[in-house]
Amino acid sequence: MTTTGRSPQTRPRPALSRDEILHRISALLDSRDDDLHAALMTELLTGLLKLHDAHLDLLDVKIVNRAVKELRHAFSVFHGYRNRQKVSIFGSARTLSDDPNYKLASEFAQAIVREGFMVITGGADGIMRAAQEGAGRENSFGVNIMLPFEQGPNSTIADDPKLITFKYFFTRKLMFQKEANAIALFPGGFGTHDEGFEILTLAQTGKSDPQPIICLQASGCDYWDDWSAFVTRQLLKRKLINEEDMSLFTIVNSVEAAVNHILRFYRRYHSMRFVGRELAMRLKQTITLEQLEQLRGRFTDLLSDGTFELRGPLAEELDEPALRDLPRLVFNFNRRSTGRLRQLISYLNEL
């Protein structure tokens, strides 16, 4: 008899038969030595076996199991849209439809979709519903979170295959950041600030690739102005952040300004990749030798040694054939200031 008041724990049934599991493991172990994908899968499997050997608490194992399931499903959903650029949109679930910021979110989403982007929101009400109404169901992802209130899916994204429901905030946040080519922050509560500051922290520490981070507020609204004043007064003046960190975000009051900021970010800049100590910044258009010399004079503080060079793809980049023909700005980045790196991207785009 159970005296704890809990239901008895039952062993979950595997989706595959025992023989199928063993067959797949055997095939994985027999993979070619140069099959990096198989090598990583083998390492992941080894890690899971070590979890079993560690005799962890059941709750710890449940957390790992659920996190892997959530990420596997989310990666699968986004995979089919990997060639579409996306904007992650954050804002309050409590914003009402008569709020000017609601209208701004809807119009921004509609405008950015016209430029070929898709939108990612939390899939709930308020700003999220406004953005998905503007973007339309076919151009929307919802990354919802299980909560006892507020977070049910909105009517635009409900029952769509691109709606993903997470139990854990950390897996949900990973997808918001990983899949985004730009971030749009609208006025919101604790959740919006949590997500916004995490996005800025990842950008500041170089744990995410550079991208536009835009704080949008309707005309006459001072939400982000007050927030920026706090950041300036309490963080910057106390030297808790650097001056160039303020370049990581921008505040706008209109759809046109927000869309133009995103498009301008990708005017010349395409993407980047670290290869050892070298940073290869891929460009849609090259720059002249004269512009290169100007750049060398302005951004020497970004270098650990050497100088900026215009080059083709590095040998390690040949595994991305679609990017092979893009020109590169290659340099040894000292990794001290992503704010300055963001300023370099802006400089390249404005040349």
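User: How are α3 and α6 oriented to each other, roughly parallel or oblique?

Analyst: α3 and α6 are roughly parallel to each other, because angles under 35 degrees count as roughly parallel, over 145 as roughly antiparallel, 65 to 115 as roughly perpendicular and the rest as oblique. This is a predicted model, in which local features need pLDDT of at least 70 and side-chain atom pairs count only at pLDDT 80 or more, while totals for chains, interfaces and linings use all residues. Residues are numbered from 1 along each chain as its sequence is written, and side-chain values use heavy atoms, with hydrogens and water left out.

User: Which angle and axis distance describe the packing of α3 and α6?

Analyst: Two packed helices are described by the angle between their axes and the distance between the axes. For α3 and α6 the angle is about 25° and the axes lie 10 Å apart (axes are lines fitted to C-alpha atoms, for helices over the stretch in contact, and angles run from 0 to 180 degrees between N-to-C directions). Helices (H or I, at least four residues) and strands (E, at least two) are DSSP runs numbered from the N terminus.

User: Which residues of α3 and α6 make the contact?

Analyst: α3 contributes Ala67, Glu70, Leu71, Ala74, Phe75 and Phe78, and α6 contributes Phe170, Thr171, Leu174, Met175 and Lys178; contact means heavy atoms within 4.5 Å. By class there are 8 nonpolar, 1 polar and 2 charged residues (Ala, Val, Leu, Ile, Met, Phe, Trp, Tyr, Cys and Pro count as nonpolar, Asp, Glu, Lys and Arg as charged, and the others, Gly among them, as polar).

User: At roughly what angle do helices α1 and α2 cross?

Analyst: The axes of α1 (residues 18–29) and α2 (residues 36–53) cross at roughly 130° and come within 9 Å, which makes α1 oblique to α2. Their crossing is left-handed. Ile25, Leu28 and Leu29 of α1 meet Ala38, Met41, Thr42 and Leu45 of α2, a set of 6 nonpolar residues, 1 polar and no charged.

User: How many cavities of 30 Å³ or more does the structure hold, and what lines the largest cavity?

Analyst: On a 1 Å grid over the protein atoms alone, a cavity is a set of points where a 1.4 Å probe fits but cannot get out, a pocket is an open set with protein on both sides within 12 Å along at least five of seven lines, and lining residues have an atom within 4 Å of a point. The structure holds 1 cavity of 30 Å³ or more. The largest cavity has a volume of about 40 Å³ (the space filled by probe spheres set on the points, which are joined across faces, edges and corners). Its lining is formed by Leu185, Thr192, His193, Gly196, Phe197, Leu200, Trp224 and Trp227. α7 (190–204) gives the most to this lining, with 5 residues, and α8 (223–236) supplies at least two.

User: Which residues lie nearest the centre of the second largest pocket?

Analyst: Arg82, Lys178, Asn181, Asp209 and Ser271 do, out of 28 lining residues. The second largest pocket holds about 1200 Å³ of space. β8 provides the largest share of its lining, 5 residues. This lining has 8 nonpolar, 9 polar and 11 charged residues.

How values were computed. Left-handed = near helix turned anticlockwise from the far one by under 90°.
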